[in-house]
Amino acid sequence: MVGVSMEAKQAVKVHKALGEPTRYKIFEILIKESNLCPAELENRLESVALSTLSHHLKQLTDCGLLDSKKKGTFVYFTVNWENAKKFVPYLLD
């Protein structure tokens, strides 16, 4: 996208990511409860395979809505509150 700011490009990525219902649900779950690993998220979602869940988590991380932290053999995901407040504040109410 020529002539489009980096912020606008990121906003498009964020909204594209949240346009998929499973990713939207994952984001909603993590707003309410932080520091969840994929296995914990899988238990909260209906019929989402762990491999598919990993794909969704990568999309949400790549657009800047989620942060991840490795602890031992597990990776835990949290909302990147700065980006969430900037790009989707209406979802945080």
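Predicted model: local features only at pLDDT ≥ 70, side-chain atom pairs only at ≥ 80, totals over all residues.
**Stop 1: the core.** Select Phe 27 and Leu 65. Within the largest nonpolar core, which has 24 residues, these two have the most contacts. Now colour helices H1 (6-18), H2 (21-32), H4 (50-62) and H5 (81-87), plus strand E2 (74-79). Each of these elements gives two or more residues to this core. In soluble globular proteins, nonpolar side chains tend to be buried together.

Stay on Phe 27. Which residues does Phe 27 touch, leaving out those up to four places away in sequence? Show Leu 18, Leu 65, Leu 66, Val 79, Ala 84, Val 88 and Leu 91.

**Stop 2: the cysteines.** Select Cys 37. Its relative accessible area is 6%, so Cys 37 is buried. Move to Cys 63, also buried, at 3% relative accessibility. The disulfide count is zero.

**Stop 3: the salt bridges.** How many salt bridges are there? The count is three.

Start with Glu 7 and Lys 86. Their closest N and O atoms are 3.3 Å apart. This pair links distant parts of the chain, from helix H1 to helix H5, 79 residues apart. Glu 7 is partly exposed at 46%, and Lys 86 is partly exposed at 47%.

Next, pick Arg 44 and Glu 33. Their side chains meet at 3.0 Å, N to O. Arg 44 sits in helix H3 (residues 38-44) and Glu 33 in the loop between H2 and H3, so the pair ties together parts 11 residues apart in sequence.

Finish with Asp 62 and Lys 58, whose closest N and O atoms lie 2.7 Å apart. Both are in helix H4, four residues apart, about one turn of the helix.

Methods:
Residues numbered from 1 in each chain as written. Heavy atoms only, no water. Core = buried A, V, L, I, M, F, W, Y, C linked by side-chain atoms within 4.5 Å. Buried < 20%, exposed > 50% of the residue type's maximum accessible area, 1.4 Å probe, protein only. Contact = heavy atoms within 4.5 Å. Disulfide = S-S within 2.5 Å. Salt bridge = Lys/Arg side-chain N within 4 Å of Asp/Glu carboxyl O.
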